[in-house]
Structures are given as structure tokens and as C-alpha cells.
Amino acid sequence: RHLCCPGTVAANVGSEEQPLGGSEDKIPKKRFSEVQEERREQAQRTVLIRCPNNVNEKKFLKYLSQHGPINNHFFYESFGLHAVVEFCQKDSVDSLQNGTHTPKQRTDPVIPFKSRFLNLKLKNSSNQIPQQSYAQTNKQLPPSSKKLFELLNYAENIDDQLNTLLKAFQLTEENVRLRHLTCSLIEDIAAAYFPGCVIWPFGSSVNTFGKLGCDLDMFLDLDEIGKLDVHKNAGDFLMEFQMKTVPSERIATQKILSVIGECIDNFGPSCVGVQKILNARCPLLRFSHQASGFQCDLTVNNSIALKSSELLYIYGSLDSRVRALVFSVRCWARAHSLTSSIPGTWITNFSLTVMVIFFLQRRSPPILPTLDSLKSLADAEDRCILNGHNCTFVRDLYKIKPSGNTETLELLLKEFFEYFGNFAFNKNSINIRQGKEQNKPDSSPLYIQNPFETSLNISKNVSQSQLQKFVDLARDSAWILEQEDKSQPSLSSKQPWGLATLLLPPGAVSTPLSKKKKKPMNEKVKGLLASIKSSTTDSSKGTHGK
Ligand code: GTP
Ligand code: MG
């Protein structure tokens, strides 16, 4: 369609055209840094345009092409119609901006901050155009639960259900573009204070586990500024920039976020509800970017978190089963309120992902390698020490041998619930570095070792009662899948089956969970089985308590 651009990005995100995974070997597996650089460059050639609802797509593109060839575009709805337009060359953006007015006739006074977020006005808005010429919009949100249940019911088997769920929820190519564009727009604002800074997305926007509608985690990278310095030979002289000094790194972070927060609040087009959360362990700015619809969290120099995102990206790209399993487990946890969008004593998506990775390292043969083995495959260039922590691991996906394990997703899902339904949380910690349970170093109910800052627990916040809820639901779900095995669904059945039954809200009628309550014998057998298991594996004491 558009052949003019040199820098067309084929990233390892789960778009329809670019599926991921170990079995799809034909797809090039790019390095994380390569994908990030390409996406950033692509975003810099892109503008965001607010359009009237009756915009004529053809005329719109023709008008914009005056500034240079367009590589890609799409429309979407978020508080009105918007278009993302990617030019082939960055110069075209400058040309478009030069031909753009600042608003004049408005009654409200404006702060004249020029950005790459533009507003299109039609000169003759009464000019009616046929409905079929209206721009088609691209969806940025996941399917409703009704739609999801329909999709799951049509699937052929449980494996197909897990893959269907993945396809329905994963970030689309367009959504990924919009995430990088939003970072790029915020970077323009931050660059007013810190020329040469970079804002990188991290977390689930880039780690291959992002679900449509998830937040946009971004971090302001000020180290990039230093990298521009050229060390010229100047004889005996050594010239340095004069810097302002503050008592600690934390205070520096707080001050930087504070001024950028003011800037985003006062001058950031479409940025609303800016909150400065500066006293948190990791100080951040939270705001909502209305035009893209993203809830944004901005932190500073959070390079270990970016490294964690890279590690998850590698795990998510190694085998196609990983993402399918993680998405289903995350959806299951959300459906049963084990996770929440507000912080609290519950398990986070990040912790759940690490639990799935750990479980896949424990299979025989393992589906995923341990972090230590990824470290042993690293070469000198992969070496990475951040804040004194060794964050080295191999970054070239081709150097990692694919797993010989051929277990089905159905089996893995059931075994995941079995495994954690019976895990000795009371005495063991989860550790993806070694891929082995370890003795817990403290009495936190759930202990998941931080892969890089190894003396920290990423699930320190989780309470005993939340962990117990997780264990109970895992056991129930293992049991439901066990029953499913015995009664394969008829395809014409309108009743939810397989994965769908696991996602039904608690208390929903006609679910195996509620049916189960009417069957005391089954409940008894289940309890008996659980107690046999817990006595043989010495599990569950910690979670059931005294
Ligand atoms: P979503 O729930 O989809 O947003 O998943 P997420 O992975 O983006 O999680 P979140 O937005 O909570 O955090 C963003 C990133 O910060 C994660 O991917 C991790 O890299 C990091 N992170 C989050 N929580 C912790 C934690 O408790 N400890 C550490 N070390 N890193 C964390
Ligand atoms: Mg996030």
C-alpha cells in the first residue's frame, strides 16, 4: 500500500499481521531496543489530528499529502474523532506545522504552546458528504464481556479459547502506535525543560503482555542527554556544563517531576487531572491524556523497570504459549477481582506474569529458561549494571534455544491452577532467576523475588487474605477444568464452557461453581483431594493459617 518509507516498523507486538511466538519461526524476532528505537522514530514522523465527525477521508489525506507522502494513518474515537497520521519523512511534520494557525477567534484565552497535536476545521462545515465517505474508526478498547463470551463459545477447544482471548485483548498495531505517539508528544513538552531527553514507554505497553485499555507507563530518560556530549580534544582544558546540585537523587527526581508536572498541567494539550505523587517509593506523575484515552504514569530514570520490561518482552517472545497463558490468567484474576486498577493489598498483573513465567520454568522439560541461564548466554555487549545491580541477560532472541516441551495450553492452564493452588506459600518464595523455590527470607504472605533488585519482594503489598482468595480460586478453577475434561462441550451449546466458565463473575447462576455447591459429594471429594495433596507437599499451611 505505502511503499515509500525506509523505516517501516515490524515490531514484535501482537498485531494480526505480526503474531509472536516460538512456533512462528518465520517472523523476525527483533531485539527490544531495536523495536523501541524504530517505534520512537516512527512516532516522531507522526501527528495527531482532531477531526470533525464528518471528515471526508480521501480529501483529508489529499490535503495532508501536500506536505509529503503519508506512510500510514488511522482514525479512532476518544472524546471526538481523531486521526493518527504518519508521514514518510519528519520534514513533512515541520511543513504541516508551518502551515498551521494558532487559534484566534476563540473567546477563551489560550497559552500558545505549539505541539504535534492539531485541530482540523472544515472551512465549509455545512458541506454534507455521503455517510459512506466518513472515516472508519479503529477500536482502541477490548471487547465487552458479552462479546468475549460469544467468541469463547465459538472456539473449537480450550487451547483455541486461550488463543482467541489473546487475539481479542492484545494491543493492536494501531494502539501500539498511539502509545508511542503519546510518549513522543509528552517528550516534546519535557524537552522544553530538558532538551535531548527521551520519554520511553515501559511496562505492559511494550513487554508483550499489554491488554487493550491498560495504562501507559512512561519514563523520562535524562541519561540520553549526556550521551550527546562530544569529548573533543581540547588540550589541557576540560569543559563541563554547570549543574545545579541537590542533596539526593530522590530530591532531584522530585524536583524534575514537579516542574514537568506543572508544565504538562499548564501547557500540555489534552492532558488533564495531573497528580504529582512525589512521596511514593518511586515518585511519579499521573495524568490522563484525553485525546489518546490513556491513563499515563510518568517516572524519572526508572531504568531497572525498563530492563524488567525487556526481560518480560524476551519471555513473551520465546514461545507462543507464554502470552496466551498470561493473558488468560490475568483475565481470570480480573474477573474474580483478584487484581484491581487501584493499588492495594491485592496481587498485581506484574506479579501474576512473573508467577506464570516461574511456572513455565518448572515444567519438564522447561518451557522458559531461568534468568541465570539467560545471563550465562550474554556476551560482553549485553553486560548491564544499573544502580549497582547486575541486570545482564542475553538480548538476542536467536541465541536462546527453543523449548522441546509440547504441552497444550489446556493442560498448562489446569496445571498452573493446580501448582499454585498447592504451592507452599508459607515457606517458599518464587524466584525466576534460579527457576527454583527458595526459602522465604521474611514473613510476607507472598514472596516473589524482584529479578534484578534481588533483596526486594515485588508482591510485598499482598495480604494473607488476598493470597488465600487466589489459592481458593486457583483450586476451584483446577477442579472446574478437571470436570470439563470429562464432559466435552457440544458445539451448539449456548452454555459457557472451558475457559469461559473460569471467567464468569462470582455468584453467576448455572456455573459449575454454583452447581458444585449443590453437589456436596463433589465438594467432599475435592476437599479430600486437596488435603491429601497438602499433606504430601506440605503446602497450604501458610495460606489456610491456623
Ligand atoms: P498493567 O497492569 O497492564 O499496567 O501491567 P504493568 O506490567 O504495566 O504493571 P504496572 O503498570 O503496575 O507497572 C509497570 C512496570 O513497573 C511493570 O511492568 C514492572 O516493570 C514495574 N513494576 C510494577 N510493579 C513493580 C513492583 O512491585 N516492583 C518492581 N520492581 N517493579 C514493578
Ligand atoms: Mg502498566
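**Loops, a ligand and a pocket**

Guide: Ser-337 sits in the loop between helix H10 (320–335) and H11, where helices (H or I, at least four residues) and strands (E, at least two) are DSSP runs, numbered from the N terminus. This is a predicted model, where local features need pLDDT of at least 70, side-chain atom pairs count only at pLDDT 80 or more, and totals for chains, interfaces and linings use all residues. Residues are numbered from 1 along each chain as its sequence is written, chains are lettered from A and ligands numbered from 1 in the order in which they are written, and side-chain values use heavy atoms, with hydrogens and water left out.

Visitor: Why does Ser-337 count as partly exposed?

Guide: Buried means under 20% relative accessible area, exposed over 50%, partly exposed in between (1.4 Å probe, protein chains only). Ser-337 has 43% relative accessibility, so it counts as partly exposed.

Visitor: And Thr-208, is that buried or exposed?

Guide: Thr-208 comes out at 6% relative accessibility, so it counts as buried. You'll find Thr-208 in the loop between strand E5 (198–202) and strand E6 (216–221).

Visitor: What is the phi of Thr-208 near?

Guide: Near 75°, a positive value in a residue other than glycine. Ser-337 has a positive phi too, near 55°. Most residues other than glycine have a negative phi, and most peptide bonds are trans.

Visitor: Which peptide bond is cis?

Guide: The one from Ser-364 to Pro-365, with omega near -10°. Pro-365 is in the loop between H11 and helix H12 (371–376).

Visitor: What makes Ser-204 a polar contact of ligand 1?

Guide: A polar contact is a pair of N or O atoms within 3.5 Å; within protein, one must be able to donate a hydrogen and the other to accept it, and residues adjacent in sequence count only if both atoms are side-chain atoms. An N or O atom in the Ser-204 side chain is 2.9 Å from an oxygen atom of ligand 1, so the pair qualifies. For Asn-450, a side-chain N or O atom is 2.8 Å from a nitrogen atom of ligand 1, so that pair qualifies as well.

Visitor: Which residues line the second largest pocket nearest its centre?

Guide: His-101, Leu-118, Asn-119, Leu-120 and Lys-121, out of 50 lining residues. A pocket is an open set of points on a 1 Å grid over the protein atoms alone, where a 1.4 Å probe fits, with protein on both sides within 12 Å along at least five of seven lines; lining residues have an atom within 4 Å of a point.
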